[in-house]
Amino acid sequence: MKYCIALDIGGTNIRGTWILDNGSYGNIYLKKRPKDLQGTKNTIKSIIDKIKDELTRPIYKIGVASAGPLDYKKKKYLNPVNMPELKNFSIGKFIEDTYNVECILENDAQAAALGEIIYGSLKGKKNGITITLGTGVGTGVIIDKKIWRANHITGPELGHLYLGGNKICGCGQVGCAETLLNEKALIDLSKTHGINVNNTKELYLFANNNLKRIEPILEEYGRYLALFICQLQVIFCINNFCISGGISPIAKLALTYIQSLIEKRFLKQQIWMPHEITFSANPNLSGLLGIAALCFEDQK
Ligand SMILES: [Zn+2]
């Protein structure tokens, strides 16, 4: 039995827990991330220290899943769009110097994709694509139970494939999938249908009592998501999809729209039809479980 400590660092929060190689885990600690480097370092330390206090055995590795872009080999951030104060921060060196334990760093969406394959809703599958819908649109492609990186230093950012429209994306391009599928796009879309909510959570609560009112939103959002999945299928032809992230409960409500559009588009190319579209059982956990799976990868 080996323990690792898993952290998930996002623009807003840092969460962490211990995870055993069988996938069981401890209390999840959640703290707001201060918007400066020293504060972030202190918060990372205080969460790791709390987790360490719960453990009686030595820690095998410390894994960090984080919003990027980041260089997983050098274990450092590059120029993270939503966390500019962490630019070039060598987080791996910081953790290794502080705790004298090997650190693993991975893009959060890719870690989430691995988490879904090893412990989550795609468990048992060798190949799968997980789309994480939240502030941004993250993706992870898993082939033979390994993260597929193409020739990228971090991994492919498929949320920046062209999907349509003329919205400018944070990456500098126009019409990226992210501009139609991220939280801002969903909230703007809701407003055009007369539903004024501030975030996905509010929209989901509204949907619980007013499902009919949000049908047009589900239809349109579902259409964009279906088109995105179709593009990914033409490239990868991987049959198992998982939708994760804060928007996934809304995406689940749109599943009928998603499936019927995909069926229509692939009528003549059944080979591209995805076999299943699943939804993460716990979107807050998939990144943590995935980074733990990476920590234990050399044990298999
Ligand atoms: Zn983009």
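Where is N88 found? N88 sits in the loop between β6 (76-77) and α2 (91-99). The points below start from the model as a whole and return to that loop near the end.

1. Basis of the note. This is a predicted model, in which local features need pLDDT of at least 70 and side-chain atom pairs count only at pLDDT 80 or more, while totals for chains, interfaces and linings use all residues. Residues are numbered from 1 along each chain as its sequence is written.

2. Overall make-up. The protein chain has 10 helices and 12 strands. Helices (H or I, at least four residues) and strands (E, at least two) are DSSP runs, numbered from the N terminus. The C-alpha atoms of the protein chain fill a box of roughly 55 × 40 × 35 Å along the principal axes. A compact globule of 300 residues would have a radius of gyration near 19 Å, and the 19 Å of the protein chain agrees with this. That radius is taken over C-alpha atoms, and the globule rule is 2.2 Å times the number of residues to the power 0.38.

3. Of the 300 residues in the protein chain, 44% are buried. A residue is buried if 20 or more other C-beta atoms lie within 10 Å of its own, exposed if 12 or fewer, and partly exposed in between, with C-beta atoms placed from the backbone. Two residues are in contact if their C-beta atoms, placed from the backbone, lie within 7 Å. Among contacts between residues at least 6 apart in sequence, 63% join residues at least 24 apart.

4. Domains. The domain assignment gives domain 1 (3-111 + 285-299) and domain 2 (126-279); such bounds come from an automatic or database domain assignment. The C-alpha centres of domain 1 and domain 2 lie 26 Å apart. Their contact takes 13 residues from domain 1 and 11 residues from domain 2. On the side of domain 1 that touches domain 2, β5 (70-71) and α3 (108-118) each supply at least two residues. The largest share of that side, 3 residues, comes from α3. By class, that side has 5 nonpolar, 6 polar and 2 charged residues. Here Ala, Val, Leu, Ile, Met, Phe, Trp, Tyr, Cys and Pro count as nonpolar, Asp, Glu, Lys and Arg as charged, and the others, Gly among them, as polar.

5. Residue L7. L7 is in strand β1 (residues 3-9). With 26 other C-beta atoms within 10 Å, L7 is buried. Not counting residues up to four places away in sequence, L7 touches I14, G16, I44, I47 and V64. D21 is 14 residues from L7 along the chain, and their C-alpha atoms are separated by 15 Å.

6. Helix α5. In α5 (residues 183-192), the residues E183, A185, L186 and S190 are buried. Seen down the axis of α5, the buried residues fall within an arc of 165 degrees, so they line one face of the helix. The arc is that of the directions from the helix axis to the C-beta atoms. The face turned away from the buried side carries the exposed residues K191 and T192. The cover over the buried residues of α5 includes α4 (177-181), α6 (200-209), α7 (211-236) and α8. G194, which follows α5, has a positive phi near 80 degrees.

7. Helix α7. A kink of about 30 degrees in α7 is centred on I217. The bend at a residue is the angle between axes fitted to the seven residues ending there and the seven starting there. I217 is also one of the buried residues of α7, which include L218, Y221, F228 and Q233. Just after α7, C237 takes a positive phi of about 50 degrees.

8. Residue I247. I247 lies in the loop between β11 (240-244) and α8 (248-253). I247 counts as buried, with 27 C-beta neighbours inside 10 Å. Leaving aside neighbours within four places in sequence, I247 is in contact with L133, G134, E183, L186 and T200. Of these, E183 and L186 are among the buried residues of α5. Y204 is 43 residues from I247 in sequence and 8.7 Å away in space, C-alpha to C-alpha.

9. Backbone points to check by eye. G68 and P69 are joined by a cis peptide bond, with omega about 0 degrees; P69 is in the loop between β4 (59-66) and β5. N88 has a positive phi near 65 degrees and is not a glycine. With 11 C-beta neighbours inside 10 Å, N88 counts as exposed. K145, in the loop between β9 (137-143) and β10 (146-147), has a positive phi of about 65 degrees although it is not a glycine. K145 counts as partly exposed, with 15 C-beta neighbours inside 10 Å.
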